[in-house]
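Thanks for coming. I have one structure to go through today, so please look at the screen.

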Amino acid sequence: MLLHCGGALAQLSTTASIVSDYRARGVSLSDGQPAPQLTINYDHPQGWYLGGFASRVNLRGVEDSTQLVTYAGYAHLLSPGLSWEAGASKSFFQRGAKYEYAESFIGLATENLSGRLSYAPHYFGKKDGSLYGELNGNVPLNDSVRLVAHLGLLHSPSPQGIALPTPTYRADLRLGLNVDIDSWKLQLAWLAAQKKHPAYVYRDGGSPQTWVSSIGYEF
């Protein structure tokens, strides 16, 4: 995710999309199945932004549910081509309230590279806090096509009741191609992640390496 940055005018955008597999931080939240999604975002010219994201999910013990993520933050230019941001988000579930969590984040960005560090006191209901660091980059090939890359590392406690060293680490990688055609947004990406522990909340039992595609329309 690239950092937000205030523009000359306030901007409201809405994107409806469908993904072949809803993967977050390398693991499937839709049990390897397609998922419809909706994103609404508002950017204020002074740098403030807020929005919401909704998606179909399938977690362990929470089948065919909906995840809603609300977020807000502030971005500011430090110098031409360099900005910083800080904000927070809250993730809700239609069913499975025990998995709900809040997260705060800070980040830096240049035109084609961004980094963010996020902290959740109770990530997916875990007792102790989790840190997630990520780097995101993009290389424009022309006005409508971009190569994109993401590298993330999750630092979290072991699942409760599981005799594993604490803390645990989990890395994920995404390499993709984004195509924008007018208001249509297409992506094809290859994802790889370290295998999760079987006691984790995700139901995903597929390969830790997979291809994911998405198509969206921005209003």
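This is a predicted model: local features need pLDDT of at least 70, side-chain atom pairs count only at pLDDT 80 or more; totals for chains, interfaces and linings use all residues.

Let me start with the core. The largest nonpolar core has 17 residues. Y22, L29, L59, F93, Y99, Y123 and F124 are those with the most contacts inside it. Two strands, β5 (48-59) and β6 (62-79), supply at least two residues each. Which strand gives the most to this core? That is β5, with three residues. As background, nonpolar side chains in soluble globular proteins tend to be buried together.

Now the aromatic rings. Searching the whole structure turns up 11 aromatic pairs. One of them is Y74 with W84: the ring centres are 5.7 Å apart and the planes are at 65°, so this pair is edge-to-face. Y74 is in strand β6 and W84 is in strand β7 (residues 82-93), so the pair links parts of the chain 10 residues apart. W84 has 29% relative accessibility and therefore counts as partly exposed. There is also one aromatic cluster, formed by F93, Y99, Y101, Y123 and F124. Of these, F93, Y99, Y123 and F124 were on the list of core residues with the most contacts.

Two arginines sit over rings. R116 has its charged end over the ring of F105, 4.0 Å from the centre. R25 lies over the face of Y132, at 4.1 Å from the ring centre.

That brings me to the loops. R25 is in the loop between β2 (23-24) and β3 (27-28), and its phi is positive, about 55°, although it is not a glycine. D31, in the loop between β3 and β4 (35-43), is not a glycine either, and has a positive phi of about 60°. Is D31 buried, partly exposed or exposed? At 24% relative accessibility, D31 counts as partly exposed.

Note on methods
Residues are numbered from 1 along each chain as its sequence is written. Side-chain values use heavy atoms; hydrogens and water are left out. A nonpolar core is a set of buried Ala, Val, Leu, Ile, Met, Phe, Trp, Tyr and Cys residues joined through side-chain atoms within 4.5 Å. Buried means under 20% relative accessible area, exposed over 50%, partly exposed in between (1.4 Å probe, protein chains only). Helices (H or I, at least four residues) and strands (E, at least two) are DSSP runs, numbered from the N terminus. Rings of Phe, Tyr and Trp (its six-membered ring) pair if their centres lie within 6.5 Å; planes under 30 degrees apart count as stacked, over 60 as edge-to-face and the rest as tilted. A charge sits over a ring if NZ of Lys or CZ of Arg is within 6 Å of the ring centre and within 35 degrees of the ring normal.
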